[in-house]
Amino acid sequence: MSIYTRSGDQGQTTVIGGRVTKDDAQVEAYGSIDELNSFVGQAVSLSDEVTFSDLRKQLLEIQQELFDCGSDLAYVKLSESRYKVTPKLAQRLETWIDRYEADNPPLEKFILPGGTPLASALHVCRTVCRRAERRVVTLSQVKEINAEVLIYLNRLSDYFFAAARMVNHRQQVADIEYVRSGKVFGKK
(Lines give C-alpha, C1' and ligand atoms only; values in the text may rest on other atoms or scores of the structure.)
Protein backbone atom coordinates (compact mmCIF):
# COMPACT_ATOMS: atom_id res chain seq x y z
CA MET A 1 0.00 0.00 0.00
CA SER A 2 1.30 3.42 -0.94
CA ILE A 3 0.98 6.24 1.60
CA TYR A 4 0.59 8.83 -1.15
CA THR A 5 -2.58 9.01 -3.21
CA ARG A 6 -2.01 12.17 -5.27
CA SER A 7 -5.67 13.00 -4.61
CA GLY A 8 -4.67 16.12 -2.67
CA ASP A 9 -2.31 17.55 -5.23
CA GLN A 10 -4.85 20.20 -6.26
CA GLY A 11 -5.37 21.53 -2.72
CA GLN A 12 -8.36 19.44 -1.66
CA THR A 13 -8.68 16.65 0.87
CA THR A 14 -11.25 14.04 1.77
CA VAL A 15 -13.38 14.36 4.88
CA ILE A 16 -16.10 12.00 6.01
CA GLY A 17 -18.86 12.53 3.45
CA GLY A 18 -17.09 14.68 0.86
CA ARG A 19 -14.11 16.83 -0.09
CA VAL A 20 -13.02 20.27 1.07
CA THR A 21 -10.07 22.57 0.44
CA LYS A 22 -7.05 21.97 2.62
CA ASP A 23 -7.40 25.41 4.21
CA ASP A 24 -11.06 24.86 5.13
CA ALA A 25 -11.96 25.70 8.75
CA GLN A 26 -12.77 22.03 9.26
CA VAL A 27 -9.29 20.91 8.18
CA GLU A 28 -7.67 23.71 10.21
CA ALA A 29 -9.52 22.50 13.31
CA TYR A 30 -8.71 18.81 13.13
CA GLY A 31 -5.24 19.56 11.74
CA SER A 32 -4.46 21.65 14.82
CA ILE A 33 -5.64 18.78 16.98
CA ASP A 34 -3.36 16.44 15.04
CA GLU A 35 -0.44 18.82 15.67
CA LEU A 36 -1.30 18.83 19.38
CA ASN A 37 -1.32 15.04 19.36
CA SER A 38 2.25 15.05 18.05
CA PHE A 39 3.38 17.35 20.86
CA VAL A 40 1.65 15.10 23.39
CA GLY A 41 3.63 12.19 21.91
CA GLN A 42 6.80 14.20 22.44
CA ALA A 43 5.83 14.76 26.09
CA VAL A 44 5.30 11.01 26.49
CA SER A 45 8.79 10.37 25.13
CA LEU A 46 10.24 12.80 27.69
CA SER A 47 8.48 11.25 30.68
CA ASP A 48 10.27 8.82 32.93
CA GLU A 49 8.37 5.52 33.14
CA VAL A 50 8.81 5.24 36.92
CA THR A 51 8.48 8.81 38.21
CA PHE A 52 5.65 9.67 35.81
CA SER A 53 3.88 6.37 35.15
CA ASP A 54 0.53 7.98 36.01
CA LEU A 55 1.16 10.90 33.65
CA ARG A 56 2.36 8.63 30.80
CA LYS A 57 -0.79 6.52 31.05
CA GLN A 58 -2.95 9.66 30.97
CA LEU A 59 -1.08 11.18 28.04
CA LEU A 60 -1.40 8.00 26.00
CA GLU A 61 -5.15 7.99 26.69
CA ILE A 62 -5.32 11.66 25.71
CA GLN A 63 -3.62 10.83 22.40
CA GLN A 64 -6.39 8.32 21.66
CA GLU A 65 -9.00 10.91 22.59
CA LEU A 66 -7.41 13.55 20.37
CA PHE A 67 -7.90 11.16 17.46
CA ASP A 68 -11.53 10.90 18.57
CA CYS A 69 -11.80 14.71 18.56
CA GLY A 70 -10.43 14.87 15.02
CA SER A 71 -12.77 12.15 13.90
CA ASP A 72 -15.79 13.94 15.36
CA LEU A 73 -14.82 17.10 13.47
CA ALA A 74 -14.19 15.33 10.15
CA TYR A 75 -17.85 14.89 9.16
CA VAL A 76 -19.33 17.00 6.37
CA LYS A 77 -22.75 16.66 8.00
CA LEU A 78 -23.56 16.47 11.69
CA SER A 79 -23.48 12.83 12.81
CA GLU A 80 -24.31 12.70 16.52
CA SER A 81 -24.84 8.96 16.45
CA ARG A 82 -21.18 8.45 15.55
CA TYR A 83 -19.59 10.90 17.99
CA LYS A 84 -16.83 9.55 20.20
CA VAL A 85 -16.23 12.56 22.46
CA THR A 86 -18.69 12.59 25.36
CA PRO A 87 -19.03 14.65 28.58
CA LYS A 88 -17.34 11.91 30.62
CA LEU A 89 -14.00 12.70 28.97
CA ALA A 90 -13.93 16.30 30.23
CA GLN A 91 -15.17 15.16 33.63
CA ARG A 92 -12.29 12.70 33.88
CA LEU A 93 -9.83 15.47 32.99
CA GLU A 94 -11.26 17.53 35.86
CA THR A 95 -10.57 14.63 38.24
CA TRP A 96 -6.95 14.46 37.06
CA ILE A 97 -6.56 18.24 37.32
CA ASP A 98 -7.95 18.27 40.85
CA ARG A 99 -5.59 15.44 41.88
CA TYR A 100 -2.52 17.28 40.56
CA GLU A 101 -3.55 20.66 41.91
CA ALA A 102 -4.10 19.19 45.39
CA ASP A 103 -0.38 18.33 45.49
CA ASN A 104 0.95 21.39 43.64
CA PRO A 105 2.19 24.40 45.63
CA PRO A 106 -0.31 27.27 45.94
CA LEU A 107 -0.39 29.62 42.99
CA GLU A 108 -1.14 33.34 43.22
CA LYS A 109 0.55 34.84 40.15
CA PHE A 110 1.06 33.94 36.52
CA ILE A 111 4.07 31.71 35.94
CA LEU A 112 6.51 31.51 33.07
CA PRO A 113 6.22 28.38 30.93
CA GLY A 114 9.23 26.22 31.61
CA GLY A 115 11.09 24.29 34.24
CA THR A 116 12.11 20.75 33.38
CA PRO A 117 12.16 19.57 29.77
CA LEU A 118 8.97 17.56 30.38
CA ALA A 119 7.18 20.47 32.06
CA SER A 120 8.25 22.73 29.19
CA ALA A 121 6.85 20.22 26.68
CA LEU A 122 3.55 20.15 28.58
CA HIS A 123 3.39 23.95 28.44
CA VAL A 124 3.86 23.71 24.65
CA CYS A 125 0.98 21.21 24.63
CA ARG A 126 -1.11 23.72 26.59
CA THR A 127 -0.53 26.55 24.12
CA VAL A 128 -1.04 24.36 21.04
CA CYS A 129 -4.22 23.07 22.68
CA ARG A 130 -5.47 26.64 23.12
CA ARG A 131 -4.83 27.30 19.42
CA ALA A 132 -6.66 24.11 18.46
CA GLU A 133 -9.53 25.26 20.65
CA ARG A 134 -9.63 28.59 18.80
CA ARG A 135 -9.73 26.75 15.46
CA VAL A 136 -12.65 24.64 16.69
CA VAL A 137 -14.46 27.83 17.79
CA THR A 138 -13.95 29.22 14.28
CA LEU A 139 -15.31 26.01 12.79
CA SER A 140 -18.33 26.09 15.12
CA GLN A 141 -19.26 29.50 13.72
CA VAL A 142 -19.62 28.13 10.19
CA LYS A 143 -20.97 24.62 10.81
CA GLU A 144 -22.56 22.52 13.49
CA ILE A 145 -20.05 20.43 15.46
CA ASN A 146 -19.94 18.11 18.44
CA ALA A 147 -19.77 20.77 21.18
CA GLU A 148 -18.16 18.24 23.52
CA VAL A 149 -14.94 18.56 21.50
CA LEU A 150 -14.75 22.24 22.41
CA ILE A 151 -15.39 21.51 26.09
CA TYR A 152 -12.80 18.73 26.06
CA LEU A 153 -10.11 20.96 24.53
CA ASN A 154 -10.85 23.73 27.00
CA ARG A 155 -10.43 21.36 29.92
CA LEU A 156 -7.41 19.70 28.32
CA SER A 157 -5.40 22.93 28.25
CA ASP A 158 -6.08 23.28 31.99
CA TYR A 159 -4.90 19.70 32.45
CA PHE A 160 -1.61 20.45 30.67
CA PHE A 161 -1.05 23.46 32.96
CA ALA A 162 -1.69 21.41 36.11
CA ALA A 163 0.44 18.53 34.80
CA ALA A 164 3.36 20.84 33.95
CA ARG A 165 3.29 22.25 37.47
CA MET A 166 3.09 18.73 38.92
CA VAL A 167 6.13 17.65 36.91
CA ASN A 168 8.16 20.58 38.18
CA HIS A 169 6.99 19.95 41.74
CA ARG A 170 7.87 16.22 41.64
CA GLN A 171 11.30 17.06 40.30
CA GLN A 172 11.75 19.85 42.87
CA VAL A 173 11.96 22.62 40.29
CA ALA A 174 10.13 25.78 41.33
CA ASP A 175 7.79 27.50 38.92
CA ILE A 176 9.07 30.96 38.06
CA GLU A 177 6.53 33.69 38.69
CA TYR A 178 5.95 36.42 36.15
CA VAL A 179 7.45 39.33 38.09
CA ARG A 180 5.01 41.97 36.88
CA SER A 181 1.95 39.85 37.62
CA GLY A 182 -0.54 40.89 40.23
CA LYS A 183 -2.19 38.25 42.39
CA VAL A 184 -4.59 36.62 39.94
CA PHE A 185 -5.20 33.16 41.40
CA GLY A 186 -6.93 32.30 44.63
CA LYS A 187 -9.32 35.25 44.41
CA LYS A 188 -12.94 34.63 45.24
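This is a predicted model: local features need pLDDT of at least 70, side-chain atom pairs count only at pLDDT 80 or more; totals for chains, interfaces and linings use all residues.
The protein chain contains five helices and two strands. Along the sequence, these elements follow the pattern β-β-α-α-α-α-α. Taken along the principal axes, the C-alpha atoms of the chain fill a box of roughly 50 × 40 × 30 Å. Of the 188 residues in the chain, 40% are buried.

The largest nonpolar core comprises 41 residues, and the members that touch the most others are L55, L156, Y159 and F160. Two or more residues are given to this core by each of helix 1 (25–46), helix 2 (53–73), helix 3 (87–103), helix 4 (117–140) and helix 5 (147–170). Helix 5 contributes the most, with 11 residues. The surroundings of Y159 illustrate how such a core member is placed. When neighbours within four places in sequence are left aside, Y159 is in contact with L55, Q58, L59, I62, L93, W96, I97 and Y100.

The packing of helix 2 against helix 5 was examined separately. The two helices pack at an angle of about 160°, and their axes are 12 Å apart. Angles over 145 degrees count as roughly antiparallel, and helix 2 and helix 5 are therefore roughly antiparallel to each other. Their crossing is left-handed. On the side of helix 2, the contact is made by D54, L55, Q58, L59, I62, E65, L66, C69, D72 and L73. On the side of helix 5, the residues involved are V149, Y152, L153, L156, Y159, F160, A163, M166, V167 and R170. By residue class, the contact of helix 2 with helix 5 comprises 15 nonpolar residues, one polar residue and four charged residues. L55, L156, Y159 and F160, named above for touching the most other members of the core, also take part in this contact between the helices.

Not counting residues up to four places away in sequence, V40 touches L59, Q63, L66, C125 and F160. Of these partners, L59, L66 and F160 also belong to the contact of helix 2 with helix 5.

Q172 is found in the segment after helix 5. With a relative accessibility of 76%, Q172 counts as exposed, because this class covers values over 50%. Although Q172 is not a glycine, its phi is positive, at about 55°. V40 and Q172 are separated by 132 residues in sequence, and their C-alpha atoms are 22 Å apart in space.

G186 likewise has its place in the segment after helix 5. Its relative accessibility is 71%, so G186 counts as exposed. The separation between G186 and A25 is 161 residues in sequence and 37 Å in space, C-alpha to C-alpha.

Methods. Residues are numbered from 1 along each chain as its sequence is written. Side-chain values use heavy atoms; hydrogens and water are left out. A nonpolar core is a set of buried Ala, Val, Leu, Ile, Met, Phe, Trp, Tyr and Cys residues joined through side-chain atoms within 4.5 Å. Buried means under 20% relative accessible area, exposed over 50%, partly exposed in between (1.4 Å probe, protein chains only). Helices (H or I, at least four residues) and strands (E, at least two) are DSSP runs, numbered from the N terminus. Contact means heavy atoms within 4.5 Å. Axes are lines fitted to C-alpha atoms, for helices over the stretch in contact, and angles run from 0 to 180 degrees between N-to-C directions. Angles under 35 degrees count as roughly parallel, over 145 as roughly antiparallel, 65 to 115 as roughly perpendicular and the rest as oblique. A crossing is left-handed if the near helix is turned anticlockwise from the far one by less than a right angle, and right-handed if clockwise. Ala, Val, Leu, Ile, Met, Phe, Trp, Tyr, Cys and Pro count as nonpolar, Asp, Glu, Lys and Arg as charged, and the others, Gly among them, as polar.
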